[in-house]
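Okay, thanks for coming, everyone.

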Amino acid sequence: MIRETFLLTIVVMLIAAARSFLPDETSLVGSGAALAFGFVLLAALQTGTIVSTAKLPRLTGYLLCGFIAGPSVLNFVTERMVGDLKLVNNVAIGLIALSAGGELNIKRLRPRLRAILSIGGVCIVTALVVISGAVFALSRFLPFMADMDAYHRIIVSLTMGTVLAALSPTVTLALINETGSAGPISETVLGVVVLADLAIIFTFAAVNALANAAFAAGGESIGGVARELMIHIFGSLAMGAVLGIIIALYMKKLNARIALFIFGICFLSAEAGVRLHLDPLLMCLSAGLFLENLTDIEGGKLIHDIEAASMPVFAVFFAVAGAGLHWDIFRSVAVIAIGLSVIRAVALLLGARFGMAIGQVPAEQRRTIPYGLLSQSGIAIGLSVLVEKHFPGWGKGASTCLFGAVMVNEMVGPVLFRNALVKSGEAGRKEAVAGGH
Amino acid sequence: MSVRRAQTVGVALAVLSFASRAMAGDPETPVSAAPLAAPSPQTGLLRVVLGLAAAFILAIVAAHPLVRRVERRLGLTVLLSSGLPFLAMGFVFRLPSVGVLTDDVVSDLRPALEFGLGWLGFVVGMHFDVRELDTLAPKTGNVVVAESVIPFVAAAVACALVLIGLDPAWGTTGGPSFHEQLYLSFHRSSLRDALALGACAAPAAPVAAAAIARSSGNAAAQLIHRVTLLNDVAGVVVIGLICAYFRPTDVLSAWKLPHIAWIFVTLGLGGVLGILTYILIRSARSQPEEMALLLGAIALSAGMSGYLAISPLVTFAIAGALLTNLPHKGMRALKETIATVERPLYLIFLLVAGALWDPRAWQGWVLALVFVLSRVGGKLMGAHLAKRVGPEDLPDPDTLGLALSAQSPIAIATIVSYVTIYKSADGSSGALPWLMTTCIGGAVLTEIVVQLIARARGGLSLERDMSRPSMVFSAPPPAVGIVPETPSLPPGAPLPRFPSDDHS
């Protein structure tokens, strides 16, 4: 703890010195990105360790570090640097999705498939209904909805409900990695969040089309949106399968510098995917699923290569997410954001309870699984940005509330899930299994 | 093995992150007027993505052990064996008709460049393990000095004369007198540019040196190989002094320091970063964590160096030298890590160097010719002096001079570092674009000529023991990237011990 604090102090002093070299708003092209990357990585890792002594997840430390060093507080990492580093996230998301896909062995999950489908399905529906209902009930008090008629308020409520119903595969995978968890709870939660993620993408596209029609935002017709959605989702899945084939061929024929190659693939899918209107997360998820389930290449081998490097990936990913949190925005909507987060948590916990009952989940797992569903991060933030961009009238106000709520969920969710994993006894089991081999 | 992979992944993360940053462009950069028949933004971006991805995959392929085996067999440096396609690709990608490496992309790739330079600087610094230096034959230092200083002076003086002669200001009418013009030209940038070229003249390529010197026996080959490792530092020292005395960002900077203070800032920064890296890797609980911390330390240091307009090559060399002399039981693994990733990094680095290079200016080729002649002349003169003042194991001066003539890849790193630091300060003016041609063209020309002469003399040893395991950073060195290649040991000879392992 003392060593970490000392190192953190040195790193902070170094960046403070470097930032004092040039006037506040001046930044040398390029060097700022390298400086921010190095600082964020080192400071986040130290903060993660410091925070872990208080039995909090390391990723909470990463988030806190990014938040404090970011534009909202100390401004060591400026808004521009955050913009530069956000692209790190695309590669990281691809890598995380590939790992998540590689973890999901359908054959192994088959006994739990019913539980996963029921928990995922019921949770999403419950969250969607309860949150949308709550937003609708509060709509008279929300300035950006106050003047709308009931129909439009329903549409906006649905949109916000969909965004807030999103879960977080990245946080889930990061926590499972960090705690070294292995077992039915980890597998079920990972399966649920990945499935829910897919469902939310579908739902958001449909709701978005409705909202476009309702607010005449110049969007396409529902048929056009549906077609685009099909191309987006199935195109991404198909492209992911192609990537899976390429990775499998590479591993079989060349089998050299695999990890480097995987990084190249994630980079390509992150950057080219966006240009081709495909979802990098879905592409890499599909590639991981393909490798694990349809080839004789062990997804585990692939994951093992990537897992070892997950530490810098997660540290930078979550620190950048933390730096993107805006305190001034949160302050303006704190009450609403906390209220929405509480309602969301209640909805998800209730949904999970019903889902687990339908899925006949063993009693000892029922206390832990719901806490794995509370976190939010990248997808919810991405959808909030889309809301703001698509609907200039009310989008700004809605996205402000959404960002506030996501901020609460991002901070609180991982803490609850980590504690639940530790209490369940699954934490640390991965090392034990590996050690046993 | 998995740790090695993780390490590779870590570095790839950094490079790709910076590359992906380049994809986004600079949000604060005003959009320039669209050229005729410009591609749509999406097509353009996709082209950039695919172009860089192709380069990245090619770098992986070119780092394959097979390519390295071919290099060793032929006694070629990485530049001639697999570096040229990357330089060419960088140049082609830069062409407006291809439009992959546009001005914005090249400028945004600068962090990756700094990261790569830092990595190479680390390698240079890590050669300075005092425990290993203590094992050098007496008077080896004299050889290092002779083979560094004389080529440096010869190349710097010759290139300064040519640069002054090529100064476009000579043609202007109604200008100052001849003496004033000479003085102005010298002080404007010719002196600085000539010193930078001199810095590139000192380092020699170990792979070629070992191959040539092998004809004089193993002892000579080992000695020359060590001389080449130490030679690299001369260029780094000069570029450090240039950065201290010719500050490129004085107008912008909030720090107003005398030139001499910048030397202390450079030394201090390198020292602090070395100690920080040491404490960080000592605090690591696992090898992946060690790699993450090393990666962070290098990125932070590269960013700080870039921010302060100091060459990352210099700060990292200082940090590397410090780090290698501190006790750490994982030092050998760390060195192996650094060497493993070096080659793909160097190749990607050459790609960016190729993008900065414009070989179409004839002045660059004139300079290249002068540079090669003065440098090789300097090396030969240095060899004659070294033979007098150096250890007895040295080969005859002609063989020694020839062995040390092939240019080290560090020279290209040095000139790229120099050009990127002063490009923004100089704008589009001056001889900066020529210097790249001088250094790159000079390296290729020298290597071809040296190879031909050496083969004609029958002094190039192509017989290599490929089965022997490599030893990173010790003699003999590993088969990785620009880390020097190994002269063969006699069959059954024990491998040299790695000194720092004894101090853990």
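This is a predicted model: local features need pLDDT of at least 70, side-chain atom pairs count only at pLDDT 80 or more; totals for chains, interfaces and linings use all residues.

So, chain B first: its secondary structure comes to 19 helices and zero strands. Residues are numbered from 1 along each chain as its sequence is written, chains are lettered from A and ligands numbered from 1 in the order in which they are written, and side-chain values use heavy atoms, with hydrogens and water left out.

Back to chain B. Of its 504 residues, 62% are buried, where buried means under 20% relative accessible area, exposed is over 50% and partly exposed is in between, with a 1.4 Å probe and protein chains only. Take the contacts between residues at least 6 apart in sequence: in chain B, 82% of them join residues at least 24 apart. Contact here is heavy atoms within 4.5 Å.

Chain A next. You'll find 19 helices and zero strands there, and 59% of its 437 residues count as buried. For chain A, 82% of the contacts between residues at least 6 apart join residues at least 24 apart.

Now some helix packing. Two packed helices are described by the angle between their axes and the distance between the axes. The axes are lines fitted to C-alpha atoms, for helices over the stretch in contact, and angles run from 0 to 180 degrees between N-to-C directions.

How do H6(A) and H8(A) run relative to each other? H6 of chain A covers residues 150–165 and H8 of chain A covers 184–215; their axes come within 10 Å and cross at roughly 160 degrees. H6(A) and H8(A) are therefore roughly antiparallel. The cut-offs are under 35 degrees for roughly parallel, over 145 for roughly antiparallel, 65 to 115 for roughly perpendicular, and oblique for the rest. The crossing of H6(A) and H8(A) is left-handed, as in the near helix being turned anticlockwise from the far one by less than a right angle; clockwise would be right-handed. By class, the contact of H6(A) with H8(A) has 13 nonpolar, four polar and no charged residues. For the classes, Ala, Val, Leu, Ile, Met, Phe, Trp, Tyr, Cys and Pro are nonpolar, Asp, Glu, Lys and Arg are charged, and the others, Gly among them, are polar.

Compare that with a pair in chain B. Helix H8 (residues 140–166) and helix H11 (residues 218–245) of chain B have axes that come within 9 Å and cross at roughly 45 degrees. That makes H8(B) oblique to H11(B), and the crossing is right-handed. Here the contact has eight nonpolar, three polar and one charged residues.

On to aromatics. A search of the whole structure gives four aromatic pairs over all chains; rings of Phe, Tyr and Trp (its six-membered ring) pair if their centres lie within 6.5 Å, with planes under 30 degrees apart called stacked, over 60 edge-to-face and the rest tilted. Phe39(A) and Phe76(A) have ring centres 6.1 Å apart and planes at 85 degrees, so that pair is edge-to-face. Phe39(A) sits in helix H2 of chain A and Phe76(A) in the loop between H3 (58–69) and H4 (79–103), 37 residues apart. Both Phe39(A) and Phe76(A) are buried. Then there's Tyr418(B) with Tyr422(B): centres 5.0 Å apart, planes at 45 degrees, so tilted. Those two tyrosines, Tyr418(B) and Tyr422(B), are four residues apart in helix H18 (residues 409–426) of chain B, about one helical turn. Tyr418(B) and Tyr422(B) are both buried too.

Last, some single residues. Thr49(A) lies in helix H2 (residues 31–52) of chain A and, at 7% relative accessibility, counts as buried. What does Thr49(A) contact, leaving aside neighbours within four places in sequence? The answer is Glu4(A), Arg58(A) and Arg285(B).

Over in chain B, Ala386(B) is in helix H16 (residues 362–389) and is buried at 0% relative accessibility. Beyond its neighbours within four places in sequence, Ala386(B) is in contact with Val143(B), Ala146(B), Leu394(B) and Leu400(B). Okay, that's my tour.
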